[in-house]
Amino acid sequence: MSSSPSTMSAAPASSSLVGAGNTKGTQPKPDSQDISFADDLGNEIVLITIGVAPNQEIFPIHKTLLCSRSTFFDRMFNGGFREASTQSASLPEDNIDAFKVYVTWLYRNIIEVPKKAPIAPVLIRLFAFAEKYCLEELVDNTMDYLVGHLHDKNAIPWLDLMVSSYASTHTKSKLRILMSRINLYVALRYTDAKWEAFNTDTVIPFLIRCPDLTTDMFRLIKGSSGKKAVDPRSFSCEYHQHSSTKPCPYGGKSSVDSRG
Ligand SMILES: [Zn+2]
C-alpha cells in the first residue's frame with residue numbers, strides 16, 4: 001500500500017479524522033437467556049447532570065441498570081453519599097457527547113457515535129470517560145471501535161488528538177500506547193516529502209507540548225533498529241484491559257505479540 005492515510009490537511013484546532021461510524025463486531029452481545037430487560041432496568045430513575053451551564057444536560061437513567069454495570073455509580077447512588085439521598089449527581093467535568101454515547105451503550109450494548117461530526121474526538125472523550133470511571137468493558141469496546149475505525153478508513157488521528165488523548169488519560173493508558181505507536185509508525189513510514197501533513201516541522205511542536213508522548217515514542221524506538229514498522233491499527237488484546245494471561249472476553253488472542 002503506497003498511498004498516504006486519509007487525513008486532515010493542515011490542521012485547524014478541531015481537525016481530527018473524517019469518516020462515518022461503524023460498529024465493530026467485538027462488542028459482546030447481551031445473553032438473552034439470562035436477561036429480563038425490564039428487571040435490568042428496574043423502576044427507579046436517577047438524574048445525572050453533565051457539563052456546566054449553559055452547556056449542561058440532564059440525563060434520566062434507570063438506576064438498577066446504571067449501578068449493575070458500574071461500581072463507581074453503584075457506590076454513588078447506593079452508598080452513603082449525598083447522591084444516594086437525592087438520587088441525582090452532577091459531573092461538571094464530563095463531556096455531553098461522550099455521555100450520550102455511554103447512555104446508548106448502557107441501554108443497547110453497542111457504541112453508536114454521531115455520524116455528522118468527526119467521530120475520533122468523541123471516541124477519545126468516551127475512552128477517557130470510561131477509563132476515569134473504571135468502566136472496563138466500555139474502555140475495551142471504545143478502543144476496539146476506534147482501532148477498527150482507523151483501520152477501515154486508513155486514517156491517522158491528527159496530532160492535537162494525540163495530545164488530548166494524553167491529557168485525558170493516565171500514564172499506563174492503552175490509548176497512550178495506541179497513539180504513541182501510531183505516531184512512531186507514521187514517522188518511520190513516511191518521509192516529509194511523502195506525506196507533508198506530518199512533516200517534521202509540524203510534528204516537533206506537538207512533541208514539545210506533550211513530553212509524555214515523546215517519552216513513549218523514544219521507549220518504542222529504543223532497541224527497535226532494523227525492525228519493520230508494523231501498522232498498529234489492528235484489533236489486539238494489547239489494547240484491552242485484561243492481562244495477557246487471561247482469556248479475552250472479545251475473542252482475541254491474549255498472548256502478547258512481539259510488536260515493539
Ligand atoms: Zn483481549
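## Strand hairpin

Strands are DSSP runs of at least two residues, numbered from the N terminus. In this predicted model, strands E1 and E2 form a hairpin, with two residues between them. E1 covers residues 45-52 and E2 covers residues 55-62; the two run antiparallel and are joined by eight bridges. Within this pairing, glycine 51 stands opposite glutamine 56 of E2.

## Nonpolar core

The largest nonpolar core has 49 residues, of which Val101, Tyr102, Leu123, Leu126 and Phe127 touch the most other members. Strand E1 is one of the elements that give two or more residues to this core; the others are helices H2 (63-68), H3 (71-78), H5 (96-108), H6 (119-132), H7 (136-152), H8 (159-167) and H9 (174-189). Helix H6 gives the most, with 10 residues. Because domain 1 (25-136) and domain 2 (156-260) both give residues to this core, the core lies between them.

Leucine 123, among the core residues that touch the most other members, is in contact with Val113, Thr142, Tyr145 and Leu146 when its neighbours within four places in sequence are left aside.

## Confidence of the model

The pLDDT averages 86 over the chain, and 84% of the residues score at least 70. Over residues 7-25 the pLDDT is below 50; this stretch has 46 contacts in the model beyond near neighbours in sequence. Residues 256-260 also have a pLDDT below 50, and here the model has seven contacts beyond near neighbours in sequence.

Note on methods. Residues are numbered from 1 along each chain as its sequence is written. This is a predicted model: local features need pLDDT of at least 70, side-chain atom pairs count only at pLDDT 80 or more; totals for chains, interfaces and linings use all residues. Two strands pair if DSSP finds at least two bridges between them. Helices (H or I, at least four residues) and strands (E, at least two) are DSSP runs, numbered from the N terminus. pLDDT is the predictor's confidence in each residue, from 0 to 100. Two residues are in contact if their C-beta atoms, placed from the backbone, lie within 7 Å. A nonpolar core is a set of buried Ala, Val, Leu, Ile, Met, Phe, Trp, Tyr and Cys residues joined through C-beta atoms within 7 Å. A residue is buried if 20 or more other C-beta atoms lie within 10 Å of its own, exposed if 12 or fewer, and partly exposed in between; C-beta atoms are placed from the backbone. Domain bounds come from an automatic or database domain assignment.
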